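Colleague: I'm new to this one. Could you walk me through how the ligand is held?
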Amino acid sequence: MREDCLILGIETSCDETAASVVRNGREVLSNVIFSQIDLHTRYGGVVPEIASRKHIEKINQVIEQALEEAGVSLEELSAVAVTYGPGLVGALLVGVSEAKAISFAAGLPLVGVHHISGHISANYIEHPELAPPFVCLVASGGHSHLVLVRDYGVYEILGRTRDDAAGEAFDKVARAIGLGYPGGPKIDRLAREGDPDAIPFPRAKVGENAYDFSFSGLKSAVLNYLNACRMKGGEVNTADVAASFQKAVVDVLVEHSLRAVEEYGLDTFAIAGGVASNSSLREAFERECGRRGITFYRPSPILCTDNAAMIGAAGYYEFVKGAVSGYDLNAVPGLAL
Ligand code: KG4
Ligand code: ZN
């Protein structure tokens, strides 16, 4: 029998300090996440300097807890995998430096992981039967990518956002209707009380690349609608605004994604990233994939937002391919997929 491969995953690219132990790329032995959200809420968004400082404060504790909960010692690990981009440079540096230190001290191979590859790989954890090729929509606070997963760790970007990421649009619209940060979950909740067909917000027009997204026009349409209501002195039904905005985003994401699945002749589709925990998005994909005979995969909400189990999963597939990093591994804030 092949020996177990135990990977310690580390994630510090934004405002979550996270560590996890993953066995053979698919089995999570521990998944510790220290969320800094409360610290940043008062500023209406993530403050990079505060994020870096908090990562430094928490990283050792989070890693110790992850090893303890997994019942695994450093000596038993096969490798250390860490997010090295994209993200906030100061935040990434904390995880990368920590991973290098552990790798050097314990004599373990170091594996640099792309954050988006991590999000996509979150799908492998709960779905043992999922294997490439498939199309994956990655929608988070910083990214909206439609990705063709050709093989483990082998990606082709079919479409991307031209302006705001989907999560960014959720956060900005939430702020405009007074919901605060982070806006995605709050809009998700409020939208359940509203009518998604109340306000005909525009569906983004696409240019020469039919798989690209654009959400800034929709965001402006929502802001203009709110201004017009306020100028007329009328009441704004924020639940209707939330539901109608959310439907406009979901419609575009579903249409582009499933067209890609069909045009590439595939029958498997997955979602990933913070926005993938949106209940309306999950229902819409469930329904549309069912109707078109496409098998649909989505991670549990805890594996959609930033976590280190997804880094352990992605790191495993890099490691078994022999893609080990040197000690010159650096944080790359704008790392391309
Ligand atoms: O993946 P993630 O945790 O961090 C990034 O890599 O960006 O994604 C965070 C984003 C935020 O913009 C947040 O508002 C959005 O995901 N989000 C949601 C929901 N939960 C989180 N957006 C819509 N509906 C949700 N339920
Ligand atoms: Zn993320």
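Colleague: Which residues surround ligand 1 and are the closest?

Modeller: Keep in mind that this is a predicted model. Ligand 1 has 20 residues around it, and the closest are G141, D171, G184, D188 and N278.

Colleague: What makes D171 and ligand 1 a polar contact?

Modeller: A polar side-chain atom of D171 sits 2.7 Å from an oxygen atom of ligand 1. The cut-off for a pair of N or O atoms is 3.5 Å, so this pair counts. D188 passes too, because its polar side-chain atom lies 2.9 Å from a nitrogen atom of the ligand and the cut-off is 3.5 Å. With D306 it's a polar backbone atom, 3.2 Å from an oxygen atom of ligand 1.

Colleague: How much of ligand 1 does the protein bury?

Modeller: Ligand 1 taken alone exposes 550 Å², and the protein buries 89% of that. The space it takes is the largest pocket.

Colleague: Which helices each supply at least two residues of the shell around ligand 1?

Modeller: Those are α4 (115–126), α5 (166–176) and α6 (183–191). The largest share, 4 residues, comes from α6.

Colleague: And how many residues of the shell are nonpolar, polar or charged?

Modeller: There are 4 nonpolar, 13 polar and 3 charged residues.

Colleague: Which domains does the shell draw at least three residues from?

Modeller: Domain 1 (6–122 + 304–320) and domain 2 (132–300) each give at least three residues to the shell around ligand 1.

Note on methods. Residues numbered from 1 in each chain as written. Chains lettered and ligands numbered in written order. Predicted model: local features only at pLDDT ≥ 70, side-chain atom pairs only at ≥ 80, totals over all residues. Heavy atoms only, no water. Near = heavy atom within 4 Å. Polar contact = N/O pair within 3.5 Å; in protein donor to acceptor, adjacent residues only side chain to side chain. Areas by Shrake-Rupley, 256 points an atom, 1.4 Å probe, with all protein chains shown as cover. 1 Å grid on protein atoms, 1.4 Å probe; cavity = no way out; pocket = protein on both sides within 12 Å on 5 of 7 lines; lining within 4 Å. Sits in = over half its atoms within 2 Å of the grid points. Nonpolar A, V, L, I, M, F, W, Y, C, P; charged D, E, K, R; others polar. Domains from an automatic or database assignment.
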